[in-house]
Amino acid sequence: MSENIIGALNDHDVGIKEQDQLLPIANVGRIMKQTVPQRAKISKEAKETMQECVSEFIGFVTSEASQKCRKERRKTVNGDDICWALTAIGFDDYEVPLKLYLRKFRELEGEKAAANQTKDKEDERYPLKFSFTGSTSSSKGANFKIKPFD
Amino acid sequence: MRQAGTYSGILSGGISGKTGPHLLPLARIKKIMKKSGEAVKMISGESPIVFSKACELFIKELTQRSWMVTMQSKRRTLNKEDVASAVMATDLFDFLVNLVSESPLEMDTSKYS
């Protein structure tokens, strides 16, 4: 933990974090805007400060989660580890909405897989059959009728 | 009945990588996670997804608290000093204290050992 703190201090001494270590200011700004009244304004510096705070947040939570994984001899940090870490550092209010979000995501992934399977089955059951009569050299000349499916 | 519209957004990169239904870019989140330490080597596909929501909640909470400071000062523009004040006033945001200070504070490292 102390190593991370020292690393963080060095970043700040150097000054501006590189852009790829920050979430895009447009996205961050949009979420901030959604939170304040419509006529409120947010300074660019406030958005920049928020960008840095979020990156710090991600780093802090991730290092807690990865320490847990190390203790349990696991190599991969997963969604549940992140949820655990958030509670461990005091963000327990986030646990319920996050677990719901994760569940929805997992359901959506399941639906997506199922939809692909259903799509393939439909293609097998209802192939479109049609034949052309007359010349096919130009789309104007071609006549085609669609044979109703069985 | 096939609903291509519902799924094609996801298939073309909503959840799989780009912003899509998430408000924050997953690839960037993953990059920031990896930079947090040598020990962080492997990250599951779900972790950036969870973080995209957690970061959204975090931004909303810090923004709300900052806005309260702005209102107390009878202003309509939320500035970075308001964010700093909100951080100072909230125990939960202790880890951000050094980040928002104008001049870096002397670190008392003994409390972390």
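1. Chain A, order of elements. Starting at the N terminus, chain A of this predicted model reads α-α-β-α-β-α-α-β-β. That comes to five helices and four strands. Of the 150 residues in chain A, 34% are buried.

2. Chain B, for comparison. Along its sequence, chain B goes α-α-β-α-β-α-α, with five helices and two strands in total. The buried share here is 46% of 113 residues.

3. What UniProt says about chain A. An unreviewed entry lists residues 23-86 of chain A as "domain: Transcription factor CBF/NF-Y/archaeal histone". In the model, that span is 73% helix and 6% strand, and its end C-alpha atoms lie 19 Å apart. The unreviewed annotation "coiled-coil region" covers residues 98-125 of chain A.

4. Helix H3 of chain A (residues 44-71) meets helix H2 of chain B (residues 26-34), their axes coming within 8 Å and crossing at roughly 60°. In general, a packed pair of helices is described by the angle and the distance between the axes. Angles of 65 to 115 degrees would count as roughly perpendicular and those under 35 as roughly parallel, so H3(A) and H2(B) are oblique to each other. As for handedness, the H3(A)/H2(B) crossing is right-handed.

5. Over all chains, a search of the whole structure turns up 10 aromatic pairs. Take A:Phe91 and B:Phe95: the ring centres are 6.3 Å apart and the planes stand at 70°, so this is an edge-to-face pair. The contact crosses between chains, with A:Phe91 in the loop between H4 (79-88) and H5 (95-125) of chain A, and B:Phe95 in the loop between H4 (80-89) and H5 (97-100) of chain B. Are these two residues buried or exposed? Both A:Phe91 and B:Phe95 are buried.

6. Aromatics, a pair inside chain B. B:Phe58 and B:Phe93 have ring centres 5.6 Å apart and planes at 85°, so they too are edge-to-face. This pair links distant parts of the chain: B:Phe58 sits in helix H3 (residues 46-72) of chain B, B:Phe93 in the loop between H4 and H5 of chain B, and 35 residues separate them. B:Phe58 has 0% relative accessibility and therefore counts as buried. B:Phe93 is buried as well, its relative accessible area being 0%.

7. Around A:Trp84. What sits over the ring of A:Trp84? The charged end of A:Lys68 does, 5.2 Å from the ring centre. A:Glu95 is 11 residues from A:Trp84 in sequence, and their C-alpha atoms are 8.1 Å apart in space. A:Glu95 itself lies in helix H5 of chain A. With a relative accessible area of 30%, A:Glu95 is partly exposed, because that value falls between the 20% and 50% limits.

8. Most residues other than glycine have a negative phi, so a couple of backbone values deserve a second look. Which loop holds A:Arg73? A:Arg73 is in the loop between H3 and strand S2 (76-77) of chain A, and its phi is near 55°, positive in a residue other than glycine. At 79% relative accessibility, A:Arg73 counts as exposed. In chain B, look at B:Lys74: its phi is positive, about 60°, although it is not a glycine. B:Lys74 is in the loop between H3 and strand S2 (77-78) of chain B. B:Lys74 counts as exposed, at 77% relative accessibility.

Note on methods:
Residues are numbered from 1 along each chain as its sequence is written. Chains are lettered from A and ligands numbered from 1 in the order in which they are written. This is a predicted model: local features need pLDDT of at least 70, side-chain atom pairs count only at pLDDT 80 or more; totals for chains, interfaces and linings use all residues. Side-chain values use heavy atoms; hydrogens and water are left out. UniProt positions are given in the numbering used here, feature names are shortened, and annotations may be inferred rather than shown by experiment. Rings of Phe, Tyr and Trp (its six-membered ring) pair if their centres lie within 6.5 Å; planes under 30 degrees apart count as stacked, over 60 as edge-to-face and the rest as tilted. Buried means under 20% relative accessible area, exposed over 50%, partly exposed in between (1.4 Å probe, protein chains only). A charge sits over a ring if NZ of Lys or CZ of Arg is within 6 Å of the ring centre and within 35 degrees of the ring normal. Axes are lines fitted to C-alpha atoms, for helices over the stretch in contact, and angles run from 0 to 180 degrees between N-to-C directions. Angles under 35 degrees count as roughly parallel, over 145 as roughly antiparallel, 65 to 115 as roughly perpendicular and the rest as oblique. A crossing is left-handed if the near helix is turned anticlockwise from the far one by less than a right angle, and right-handed if clockwise.
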